[in-house]
Amino acid sequence: MNIPRRPEWTKTMTREEIQMNENTAFLNWRRDLAQVEENNVNLAITPFEKNVEVWKQLWRVIEKSDVLLQIVDARNPYFFFSEDLEKYIKEVSGNKTFVLCINKADFLSEELIQHWSDYFKDKDVNHVFISALNE
């Protein structure tokens, strides 16, 4: 699933103009998402994903940050990893660093760690295995 993109804005725009553009872009994204959701009963959209304020916070964090981390569960990192989030971060600025933190690595065998490491290397994803329990 693609994440909504923040519409272009300038410092000369009023707060109301920016807010209207963001709300319109979000409503268009939600309309498209509703169609996908309607045609796929297995797709579960959380209330957070339906809340424009959540996305506005994400947009601003991405714009203001130099390093962005996405933490996923090592037991199924592919399920939780958002390729589109990484893509969006690069769209905002090529100078930002994205790191995929694969947590609960202590649950994985060395073979599985190597498998997932090879997988993310092939996808050119900057990643690190961590274990909050061991830290």
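**View 1. Valine 128 lies in strand S3 of the predicted model**. The residue is partly exposed, its relative accessible area being 35%. Leucine 100 is 28 residues away in sequence, yet the C-alpha atoms of valine 128 and leucine 100 are 6.4 Å apart in space. With neighbours within four places in sequence set aside, the contacts of valine 128 are Val99, Leu100, Cys101 and Ile102.

**View 2. An open sheet is built from three strands**. The strand order is S1-S2-S3, and the pairing is parallel. The edges are taken by strand S1 (67-73) and strand S3 (127-129); each has a single partner strand, so one side of each is left without a neighbour in the sheet. On average, neighbouring strands are turned by 25° against each other, direction ignored.

**View 3. Strand S1 pairs with strand S2 (residues 97-103)**. Seven bridges join S1 and S2 in the parallel sense. Within this pairing, isoleucine 71 has cysteine 101 of S2 opposite. Cysteine 101 is also among the residues in contact with valine 128.

**View 4. Helix H5 (residues 110-122) lies across S2 and S3**. The helix runs at about 170° to S3, the strand that holds valine 128.

**View 5. Confidence is given for the protein and for two of its elements**. Mean pLDDT for the protein is 90, with 95% of the residues at 70 or more. The lowest confidence is in helix H1 (residues 15-39), at a mean of 88, and the highest is in S3, at 97.

Key. Residues numbered from 1 in each chain as written. Predicted model: local features only at pLDDT ≥ 70, side-chain atom pairs only at ≥ 80, totals over all residues. Heavy atoms only, no water. Pairing = 2+ DSSP bridges. Helix = DSSP H or I, 4+ residues; strand = E, 2+ residues; numbered from the N terminus. Axes fitted to C-alpha atoms, helices over the stretch in contact; angles between N-to-C directions. Contact = heavy atoms within 4.5 Å. pLDDT = per-residue confidence, 0-100. Buried < 20%, exposed > 50% of the residue type's maximum accessible area, 1.4 Å probe, protein only.
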